[in-house]
Amino acid sequence: AEGPEAEGPSASHGKEHQSFMSPQERIKETDDYKRADEEEWNRRNEVIRQQSLRAKLIREKKREQNLRVEKQKESNLRIEKRLLELKTQLSASKKQVEEADTLRPKIRSHLNRVLMGSKYFPVVAQRLGLTKTSGPHSEAELTKVYRKALLKYHPDRASRTSTLKEKVYNEEVFKVLQTAFKAFKH
């Protein structure tokens, strides 16, 4: 039982199959070709994987750049908003200074009438109503009156709750008190 029948139908089929294969197809069936083919597929897959990683890095960099741009835009908006607030405050401040400058001569004139031109501190204190009696006062009492008056008329303390007219009045009284007390001490 030798020959094609002894090998069985599948063996003869395999030989027939090989006999119909071209030489190129026979090379594809060799182990070296299969190993080289597998290496080529692995190399191509690695190239694709590397390209995918590069594309992913590029997308992440773009995302980060977009986030930075958005943060910069938000920061610029905050800066513009703050700048507008400051411009508004500056405008209001300029307007207030102009109003104060129009009030100042009237208030100085009023103070000159009340003080009757006096620059002597005991007289100034009495005419502004800072001392109770018109009699002579000791230097210590006048210093105490001066310090209380400075606290009362100090521009920074009165500026929070006062009207503009009161602020300007306090500034002018403060200046008069300082000048008169300096002259009194020397």
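The following questions and answers concern how terms are applied to this predicted model.

In this predicted model, local features need pLDDT of at least 70, side-chain atom pairs count only at pLDDT 80 or more, and totals for chains, interfaces and linings use all residues. Residues are numbered from 1 along each chain as its sequence is written, and side-chain values use heavy atoms, with hydrogens and water left out.

Q: Why is Thr131 called buried?
A: Buried means under 20% relative accessible area, exposed over 50% and partly exposed in between, with a 1.4 Å probe and protein chains only. Thr131 has a relative accessible area of 10%, so Thr131 is buried. Thr131 lies in the loop between α5 (121-127) and α6 (139-153).

Q: What does Thr131 touch, not counting residues up to four places away in sequence?
A: Contact means heavy atoms within 4.5 Å. With that exclusion, Thr131 touches Ala125, Gln126, His137 and Val145.

Q: What makes α8 a helix, and what span is expected of it?
A: Helices are DSSP runs of H or I with at least four residues, strands are runs of E with at least two, and both are numbered from the N terminus. Helix α8 (residues 164-185) has 22 residues. The expected span is 1.5 Å times one less than the number of residues. For α8 that expectation is 32 Å, and the helix reaches 32 Å from its first C-alpha to its last. Buried residues in α8 include Glu172 and Ala180.

Q: Which residues line the largest pocket?
A: On a 1 Å grid over the protein atoms alone, a pocket is an open set of points with protein on both sides within 12 Å along at least five of seven lines, and lining residues have an atom within 4 Å of a point. Among the lining residues are Arg108, Leu111, Glu172 and Ala180. Helix α8 gives the most to this lining, with five residues.

Q: How is the lining of the largest pocket divided by class?
A: Ala, Val, Leu, Ile, Met, Phe, Trp, Tyr, Cys and Pro count as nonpolar, Asp, Glu, Lys and Arg as charged, and the others, Gly among them, as polar. The lining has five nonpolar, three polar and four charged residues.

Q: Where does pLDDT stay under 50?
A: pLDDT is the predictor's confidence in each residue, from 0 to 100. The value stays under 50 over residues 1-8, whereas the protein chain averages 86.

Key. 1 Å grid on protein atoms, 1.4 Å probe; cavity = no way out; pocket = protein on both sides within 12 Å on 5 of 7 lines; lining within 4 Å.
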